[in-house]
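Here is a short report on one protein chain.

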Amino acid sequence: MTRWPGVKLFDLSGRTALITGGSKGLGEAMAAGLASAGANVCLVSRNGQETSAAAEKIAGEYPVRSIGIGADVTVEADVANMVQACVDQLSGLDVLINSAGINVRGSIDELSLEQFRQVQSTNVDGMWLCCKHASSVMKNNGSGRIINLASTLGLVGLANRTPYASSKGAVVQMTRALGLELAPHNVTVNAICPGPFLTPMNVPIADSEEAKRFIVGATALERWGQMQEIQGAAIFLASDASSYMTGSMLTVDGGWTAR
């Protein structure tokens, strides 16, 4: 008889995951990764049509249930409704991945306060609202996994990124504080800190001299991350394999923060 569960710890069969920012980029990649491990998935973004299309694609690739919902994570009524829709349509909520986020680049003297607040609204306020409503369900269930998308820029700095770096630093601290708060309820809270992935958000700067010098050139592997390279971290943190982790930051950054 096998003494250890081994790879079975990564099995997500029968579980339900809600992924914000799920219509494209890292969110869509993580949703597909969880679906490949057996999870039913609920994808959320502001564009309901794009989200439904992404959900249909996942349902066509994996034998799981996959739905798409249009919602704005900065609107509390939308967040409450999307969590309830996930519970109603997929019979539960076991995993929340907070992947919705925006970025505004520029020197501090060129940016407006409104631009700064816009980034905080989505990246911090929206994540807090999603954690608030999803954790209520998870606490009642006596278990759950919350995975926040932070960034290497929540751990180290980069010029001309004050709105984004500030927001991701807040995500790091939110993750730690909430991990402590929800531990008595068997709900873990961890964050993934991606480095430079070639997401739709980064495509406009991919070939710039700044990207080559300060982004790709800063990684030990000297390249952009590919979408599938985020999936392993998401599956791990969503599964029983990470059951003794909470309040932790998992960097997937090509060696950026190792330097």
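UniProt, in an unreviewed entry, places the feature "domain: Ketoreductase" at residues 15–195; such annotations may be inferred rather than shown by experiment. The span is 50% helix and 19% strand, with its end C-alpha atoms 28 Å apart. Helices (H or I, at least four residues) and strands (E, at least two) are DSSP runs, numbered from the N terminus.

This is a predicted model: local features need pLDDT of at least 70, side-chain atom pairs count only at pLDDT 80 or more, and totals for chains, interfaces and linings use all residues. Residues are numbered from 1 along each chain as its sequence is written, and side-chain values use heavy atoms, with hydrogens and water left out.

**Sheet.** Seven strands form an open sheet with parallel pairing, in the order E3-E2-E1-E4-E5-E6-E7. Strands pair if DSSP finds at least two bridges between them. E3 (66–70) and E7 (249–252) are the edge strands, each pairing on one side only. Four bridges join E6 (residues 187–194) to E7. Proline 194 stands opposite valine 252 in E7.

Angles run from 0 to 180 degrees between N-to-C directions, with axes fitted to C-alpha atoms, for helices over the stretch in contact.

| Helix | Lies across | Angle |
|---|---|---|
| H1 | E1, E2, E4, E5, E6 | about 170 degrees to E2 |
| H5 (residues 162–182) | E5, E6, E7 | about 160 degrees to E6 |

**Helix pair.** H1 (residues 25–36) and H7 (residues 231–238) pack at about 55 degrees, with their axes 8 Å apart.

Terms used
Contact means heavy atoms within 4.5 Å.
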